[in-house]
2 protein chains.
Amino acid sequence: MQPEWERLLSDKVAHRLEPSLIGEMMMLVKELGAISFTAGEPSADLYPLEDLRESFDRAFGEASLFSYYPHNGGLRELRRWIADWMKSDGLAPRWLSEEEVLLTNGSQEGIHLLAEAFIAEGDAIIVESPTYPEALLTFRRQGARFLSVPVDRDGIIPEALEKVLRTSGPVKFIYTIVNFQNPSGYTTTDERKAKVLDLARRYGTVIVEDDPYRHLRYEGEPQGSYFVLGGDEGRVLYLGSFSKIIVPGIRVGWLALPPALAGKMTELRVSCEISLPAITQYAVWDFMKGRDLPSYLERLHGVYRSRRDALAEALRNECGPLGLEIDVPEGGFFLWGKIPWVRDMVDFARYAIREEKIGFIPGSIFFSDPKEGAGTVRFSFAKVDGGLAREGARRLARALASYRSR
Amino acid sequence: MQPEWERLLSDKVAHRLEPSLIGEMMMLVKELGAISFTAGEPSADLYPLEDLRESFDRAFGEASLFSYYPHNGGLRELRRWIADWMKSDGLAPRWLSEEEVLLTNGSQEGIHLLAEAFIAEGDAIIVESPTYPEALLTFRRQGARFLSVPVDRDGIIPEALEKVLRTSGPVKFIYTIVNFQNPSGYTTTDERKAKVLDLARRYGTVIVEDDPYRHLRYEGEPQGSYFVLGGDEGRVLYLGSFSKIIVPGIRVGWLALPPALAGKMTELRVSCEISLPAITQYAVWDFMKGRDLPSYLERLHGVYRSRRDALAEALRNECGPLGLEIDVPEGGFFLWGKIPWVRDMVDFARYAIREEKIGFIPGSIFFSDPKEGAGTVRFSFAKVDGGLAREGARRLARALASYRSR
């Protein structure tokens, strides 16, 4: 006799988990050997594996890294380095120290911890429309009720935000991706940040600033952060990540927190897994600390900039005549597009990968209400060189033509 | 104006997190330079760092490990190796394959995932009395209501379990540590397992079998597992760990799951952190797969056996006359003791570390109702050689004598 799982499992696991469509598309790409415009991850040919190998090797000089790590926030040296880095970049107020930096298993663990810390079933949170779907899945699992606010090229639209806040009742937090947003590629200007922060203050909520792409700016002026703008008030929680500038698989991210929350969030993380592997944190610290960061990043920027331009051109040439419009961002990994006549983009994405072996991400999954995303589509250029861009764009054009004439 | 955190935070973070007393004692040991009988972790002089360094180095031959790992359950090779290992050890039914093995960041993450999957606020779970306090903290955070069942030298007492089940209403699971239990050192016999499993079946609940110490048996006959005894029924969830036999800081553990749960639990883990570092999983696989495991483990056993005996003898000689009684287990890391005249062991532990620089863990923290643990105490011998054992026992004796005559 099998156990009655339906009665034993919590609602969140029995009813509120959904498989990720991005995961499904990436699996299909792999299985079918398709050309992929899907993955929001750095290009493997840019992984600095030789340097990273040396950093790991040096970690073996420190036997204490192999015990349960005694500092619950994670490797002190890396937390201190991050605090100094954020301050020197103008992203953090002067009070930020290692005590307010909590290392996480990628910034997704930070999202998970924030979901646990803020959301009880039925609580309202505000998300951008569109936004990062893996965050939506995590917030939904926790029982969040989504209120969505549209973004334009300058970020969250303050008037739209205020309209929501005025009628919504209490909101636990506003979740926003500030630079080269996934999926839209939009960057929130500092002027918008000031207005949004002011609204958060007036309506008694806080801001969760997710910022994994900041250091992938290929042109234009860098913007500041909500975290520094918030100053001493402590109304902003900042999510950072090394995934996009070193390697994603090393799984090191961080939360920079208001002092009032640092202790609680650290205890919460301990209750999730005691400690994270200090050896990977050490390797990241060892890798970053001596580096000439501007020239390291400039190399990445050069490659990604030319890939962005090549994919944008190929898609405009091949698919523009079939109705595709695209936006070209100043950084990050994504081109955000629209094919107005395609009503069910999930259906078309499955069709295109089966029929023409070209993978991309339908835009509807980036909206808490998928209907809002009709006709939208995300292309990642991070792993696509010029030849692949042209061939992929040709396949997409063939798929569009045959799908339209079905 | 600071945000009103009290209103924004979830109950679990605002009210249900407690700092770990084990953590506090370990910190005090470090700060005061005390002799420590505190830590339930392997001895750093037994860390196989040279071999592990080579295994990490080989991981750098596989660039794919540094991306987001495509298999959500974790490194396939390690999951397959674990499934084969458990079957060859007689710990798993024949159906176990890599599909039912989910890699975790240490088995504490497994405990966290199970808490999320089963416990909603107010749900009852059964725990042993005494049991592992970090699991209690995680279950409590999730809102669990504890029903405790005493253990004796053969494990959970079935009559006591039935008495609880008869009157408790629905119970989400029974959490049990089966080998060299933390803190008691007791091992559940297979005869007891059969009775407990039968009760779980009759009362419609499941068993969570936590088994980090199994491979540290220094004498006596190994017992089987609930997981294999449960057969095809799928009523048992098994938590395994490499922390005690390789190094704890690498953070690799696993859940072996009933097939009906494997998919859901994997999705839950993905929503927590997308992927774990595949490089550490690869290093564990590379380290384990070619090894002559019996002779590797025998070396560990030899060291820990002699440390167990040395600490037991020193404590009996020095502290027996002051009222300390201890139990000597067949494996694991812990001596479980009683000093009946010490009513507030937390107070005495803080006194002993301050006054005589000797650290140990007061037993009350291992009970969901601390009053049940009056007079009990846990000593870890894992990191204590003969000389430290004698000096530590002398300090403890001095602390006892002066504490009694205050």
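Me: What makes M86(B) a contact of A256(B)?

Reply: In this predicted model, two residues are in contact if their C-beta atoms lie within 7 Å. A256(B) touches M86(B), and also A92(B), L96(B), E100(B), V101(B), F227(B), Y238(B) and G240(B), leaving aside residues up to four places away in sequence.

Me: Which residues have the most contacts inside the largest nonpolar core?

Reply: They are A256(B) and L255(B), together with L255(A) and A256(A). That core has 179 residues.

Me: What percentage of chain A is called buried?

Reply: A residue is buried if 20 or more other C-beta atoms lie within 10 Å of its own. In chain A, 57% of the 406 residues are buried.

Me: What makes up the side of chain A that touches chain B?

Reply: The contact takes 72 residues from chain A and 72 residues from chain B. Several helices of chain A each supply at least two residues of that side, including α4 (49-59), α6 (106-118) and α12 (278-289). The largest share, nine residues, comes from α11(A).

Me: How many residues on the side of chain A that touches chain B are called nonpolar?

Reply: There are 38 nonpolar residues on that side, along with 15 polar and 19 charged.

Technical notes. Residues are numbered from 1 along each chain as its sequence is written. Chains are lettered from A and ligands numbered from 1 in the order in which they are written. This is a predicted model: local features need pLDDT of at least 70, side-chain atom pairs count only at pLDDT 80 or more; totals for chains, interfaces and linings use all residues. A nonpolar core is a set of buried Ala, Val, Leu, Ile, Met, Phe, Trp, Tyr and Cys residues joined through C-beta atoms within 7 Å. A residue is buried if 20 or more other C-beta atoms lie within 10 Å of its own, exposed if 12 or fewer, and partly exposed in between; C-beta atoms are placed from the backbone. Helices (H or I, at least four residues) and strands (E, at least two) are DSSP runs, numbered from the N terminus. Ala, Val, Leu, Ile, Met, Phe, Trp, Tyr, Cys and Pro count as nonpolar, Asp, Glu, Lys and Arg as charged, and the others, Gly among them, as polar.
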